[in-house]
Structure formats: structure tokens, C-alpha cells
Amino acid sequence: MEKTVSNAEPLKPLDGDVVLCLCISQLLKERSSLYEATRKYWNLTLKTANKATHVVGIYKGFVKIVFDDMEWRFTDNEEFKGRIEFISQHPDGVDSPYLGKYFRMYGPISVLKNSHHQL
């Protein structure tokens with residue numbers, strides 16, 4: 001059965017995880033891959049980004065790619081000065097229980113955590 005919003009499992013962080021959700025629905029039209037759409041030019045502090053245990057790329061409400069080995073830094077791109085990006089040893093993402101889960105984005109960035117984490 002095809003996943004739809006009505007039958008999809010919601011994205012919920014596992015114990016100990018802080019999940020940084022990045023909306024890539026528009027960016028994927030401009031960039032060459034899920035990796036490039038997910039990793040670049042976020043208006044977010046390094047402090048917040050570094051607390052994330054996972055980054056997920058959300059496309060049309062569904063998790064399409066997951067990273068768990070992010071190295072965050074400020075971008076060198078002058079057009080996006082002051083924004084951050086990450087690099088990953090796994091540009092195709094990692095196998096994760098978060099893949100395919102549903103999450104409704106109300107902006108470009110959301111942080112999900114379980115009750116044991118503070119950002």
C-alpha cells in the first residue's frame with residue numbers, strides 16, 4: 001500500500017535523539033540531490049545544530065533522507081553569509097527508523113526531541 005498522510009506513521013524521536021527537520025520540498029527543485037538539498041544554507045545557530053543527533057530532509061511531509069554524522073560549519077558561499085551547512089560521510093544518508101515517517105512542517109526548520117533532552 002502506498003504511504004499517504006492518513007496511513008503514515010508520525011515522526012517521533014527515539015529515546016535520546018534530537019531530530020532536526022529540514023523542509024526540502026522547494027530546495028529539491030533547485031539542487032542536484034537529496035544530500036545537497038538537505039545540507040546547505042540553513043538560518044540556524046551552530047549551537048542548536050550541534051545538539052541534533054539526526055538531520056532529516058522532509059519532502060512533501062515525508063522523511064526522504066536521514067543523517068547521523070553531521071559536521072556543521074558556516075558556509076563559504078558569500079550569497080548565504082552567516083548561514084550554516086553540514087558535511088556528512090554518508091551523502092546518501094543512513095538507514096534509519098525515521099525514513100518514510102510523516103511530519104507536517106510549518107516552516108523551513110523544526111526541532112523534535114524527546115522529553116529527556118533540552119535545547
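**Exercise 1.** Is Glu-36 buried or exposed?

*Solution.* Start with the cut-offs: buried means under 20% relative accessible area, exposed over 50%, and partly exposed in between, with a 1.4 Å probe and protein chains only. Glu-36 has a relative accessible area of 17%, so Glu-36 is buried. Helices (H or I, at least four residues) and strands (E, at least two) are DSSP runs, numbered from the N terminus.

The model is predicted: local features need pLDDT of at least 70, side-chain atom pairs count only at pLDDT 80 or more, and totals for chains, interfaces and linings use all residues. Residues are numbered from 1 along each chain as its sequence is written, and side-chain values use heavy atoms, with hydrogens and water left out.

**Exercise 2.** Which side chain makes a polar contact with the side chain of Asp-17?

*Solution.* A polar contact is a pair of N or O atoms within 3.5 Å; within protein, one must be able to donate a hydrogen and the other to accept it, and residues adjacent in sequence count only if both atoms are side-chain atoms. The partner is the side chain of Tyr-98, at 2.5 Å. Asp-17 itself sits in the segment before strand S1 (18-23).

**Exercise 3.** What is the strand order of the open sheet?

*Solution.* The four strands run S3-S2-S1-S6, with mixed pairing; two strands pair if DSSP finds at least two bridges between them. The edge strands, S3 (62-67) and S6 (109-113), each pair on one side only. S1 and S6 are antiparallel and joined by five bridges. Val-19 has Leu-112 in S6 as its bridge partner.
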